[in-house]
Amino acid sequence: MGKQSTPAKGLQINGFNVIRVTYPPATTHYIYVRKHETSQNTPSTLALPQDRTLFVVNLPPDATIREVSQLLSPFGEVDEVRFGHGMGSKAEPSSTPDEDEEMAEESAEDSDSDSDMEVDGPKKKRRKLSKKQPPKIIPLPTSDLRILRTTGHTAHVVFQAPNALQAALKPVDTPLKWPKSRHPPLGLAHYMSKYDSLRPPLDVVKQHADSSLEAYEFIRERKEKAKMG
């Protein structure tokens, strides 16, 4: 059997430079890079510096920001990595601890706006009564899982200096080595961690449910009191 052919140095496909990436022990992956070009329709707040930004295609679906930064660090210091839009994964949590606290925050706002007032003396001076603190929602535990994106997804890599971008666009003699990383977990360990994170202990679930109901009742009572004047 003949040797498997590999792309020659400086090979380009549709304007993209081809870079070989090796995984241990003997797996080869290919990524495609070119200079980023800002679209005219891109809002200024989302625009990336064209002289420092590399557009990368065909990244592994489980790649992390840290791994991409380390992979391209031979060209120069990486300032930022932005993965492509619309590449979210089902591995991403449907809610965050901040979202779990929204109900408690709403109850706090109701408490501030609907504070009880007491009339004191002939001059009818008003003073606030002591306010009952809104209950806090106990969040469910979260775990640090990889975000699994679609195969062949993209990223914009912003280097700290323009010369790093120029170095990344030059033909590469030797393949880049994918960084070794076991955190967040990979492969079977990822799915085992995900399984455990979706099944927290019953006592933890009960604490979350009870605290959520307390927050809901607090909001409901405050709104009823406000309606009654």
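**Strands, rings and a helix**

Mentor: Strand β2 (residues 16-23) and strand β3 (residues 27-35) run antiparallel and are joined by 7 bridges. Strands here are DSSP runs of E with at least two residues, helices are runs of H or I with at least four, and both are numbered from the N terminus. Two strands pair if DSSP finds at least two bridges between them.

Trainee: Before we go on, what kind of model is this?

Mentor: This is a predicted model, where local features need pLDDT of at least 70 and side-chain atom pairs count only at pLDDT 80 or more, while totals for chains, interfaces and linings use all residues. Residues are numbered from 1 along each chain as its sequence is written, and side-chain values use heavy atoms, with hydrogens and water left out.

Trainee: OK, back to the strands. How many residues are in the hairpin that joins β2 to β3?

Mentor: The hairpin goes through 3 residues.

Trainee: How many bridges join β4 to β8?

Mentor: There are 6 bridges to strand β8 (residues 153-159), and that pair is antiparallel too. Leu59 stands opposite His153 in β8.

Trainee: Is β4 enclosed or open, then?

Mentor: β4 is largely enclosed by the rest of the structure, because 6 of its 7 residues are buried. Buried means under 20% relative accessible area, exposed means over 50%, and partly exposed is in between, using a 1.4 Å probe and protein chains only.

Trainee: New topic: aromatics. How many aromatic pairs are there in the whole structure?

Mentor: A search finds 2 of them. Phe16 and Phe55 form a tilted pair, with 6.1 Å centre to centre and 50° between the planes. Phe16 is in β2 and Phe55 in β4, so that pair ties together parts 39 residues apart in sequence. For the terms, rings of Phe, Tyr and Trp (its six-membered ring) pair if their centres lie within 6.5 Å; planes under 30 degrees apart count as stacked, over 60 as edge-to-face and the rest as tilted.

Trainee: Is Phe16 buried or exposed? And what about Phe55?

Mentor: Phe16 is buried, at 16% relative accessible area. Phe55 is buried as well, at 14%.

Trainee: Why does the Tyr23 and Trp178 pair count as stacked?

Mentor: The ring centres of Tyr23 and Trp178 are 5.5 Å apart and their planes are at 25°, so the pair is stacked. Tyr23 lies in β2 and Trp178 in the loop between β9 (176-177) and α5 (187-197), so the pair ties together parts 155 residues apart in sequence. Trp178 is buried at 9%, while Tyr23 is partly exposed at 23%.

Trainee: Which ring does Arg149 lie over?

Mentor: Phe83, with Arg149 over its face at 3.9 Å from the ring centre. The charged end of Arg199 likewise sits over the ring of Tyr195, 3.7 Å from its centre. That takes NZ of Lys or CZ of Arg within 6 Å of the ring centre and within 35 degrees of the ring normal.

Trainee: Last stop, α6. What span should its 27 residues have?

Mentor: Helix α6 (residues 202-228) should span 39 Å, and its end C-alpha atoms are 39 Å apart, which agrees. The expected span is 1.5 Å times one less than the number of residues. Buried residues in α6 include His208, Phe218 and Ile219. Gln207, also in α6, is partly exposed at 43%.
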